[in-house]
Amino acid sequence: IVDIYKNSGDLNTVLFSPYFESIRQWQYDYGFKQPAHEVKNQIVPCPIRDHHRFAKEVIMKHQAEPIDAEAAAALKDDKYHEKLADYGDKVAELTSDIWEIEYIGPERQRSAA
């Protein structure tokens, strides 16, 4: 983002970059602006924290540059990525029934009526 501004870009340049377009596409696929009964688990909605495999794939594909030394170290740390991905998997597993029963089930019933 800093480099985009240094090269006379603006917020629109950032928002419509391939990196952010990829993230937005994931959000649409996950259920943004979809009928309520088609929305995926919104208890785990974050493409970075909750779906880290996707985040790493996008970061690597678009060669996103880390903001500081700590971020650079994290980017190179396979155990870090593995643990974040495991975390997301476990939280999704713990919340999937809650999402289905408490939130999406009633929406499916309403849409079927």
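The lining of the largest pocket draws at least two residues from each of α1 (2–6), α3 (18–30), α4 (52–61), α5 (69–76) and α6 (78–112), where helices are DSSP runs of H or I with at least four residues, strands are runs of E with at least two, and both are numbered from the N terminus. This is a predicted model, in which local features need pLDDT of at least 70 and side-chain atom pairs count only at pLDDT 80 or more, whereas totals for chains, interfaces and linings use all residues. Residues are numbered from 1 along each chain as its sequence is written, and side-chain values use heavy atoms, with hydrogens and water left out.

**Largest pocket**

- The largest pocket holds about 1,000 Å³ of space, a pocket being an open set of points on a 1 Å grid over the protein atoms alone, where a 1.4 Å probe fits and protein lies on both sides within 12 Å along at least five of seven lines; the volume is the space filled by probe spheres set on the points, which are joined across faces, edges and corners.
- Lining residues, defined by an atom within 4 Å of a point, number 30 for this pocket, and those closest to its centre are Y19, A64, E65, P66 and I67.
- Helix α4 provides the largest share of the lining, with 5 residues.
- By class, the lining comprises 22 nonpolar, 6 polar and 2 charged residues, with Ala, Val, Leu, Ile, Met, Phe, Trp, Tyr, Cys and Pro taken as nonpolar, Asp, Glu, Lys and Arg as charged, and the others, Gly among them, as polar.

**Confidence**

- The protein chain has a mean pLDDT of 92, with 99% of its residues at 70 or more; pLDDT is the predictor's confidence in each residue, from 0 to 100.

- H52, which lies in helix α4, counts as buried because its relative accessibility is 6%, the classes being buried under 20% relative accessible area, exposed over 50% and partly exposed in between, with a 1.4 Å probe and protein chains only.
- The side chains of H52 and H81 make a polar contact at 2.7 Å, that is, a pair of N or O atoms within 3.5 Å, of which, within protein, one must be able to donate a hydrogen and the other to accept it, while residues adjacent in sequence count only if both atoms are side-chain atoms.
- Apart from residues up to four places away in sequence, H52 touches P47, H81, L84 and A85, contact meaning heavy atoms within 4.5 Å.
- A74 sits in helix α5 and is likewise buried, at 17% relative accessibility; leaving aside neighbours within four places in sequence, A74 is in contact with Y80 and H81.
- Although A74 and S96 are 22 residues apart along the chain, their C-alpha atoms are separated by 28 Å.

**Loop residues**

- N41, in the loop between α3 and α4, is buried with a relative accessible area of 9%, and a polar atom of the N41 side chain lies 2.8 Å from the backbone nitrogen of I43.
- Not counting residues up to four places away in sequence, N41 touches Y30, A92, T95, S96 and W99.
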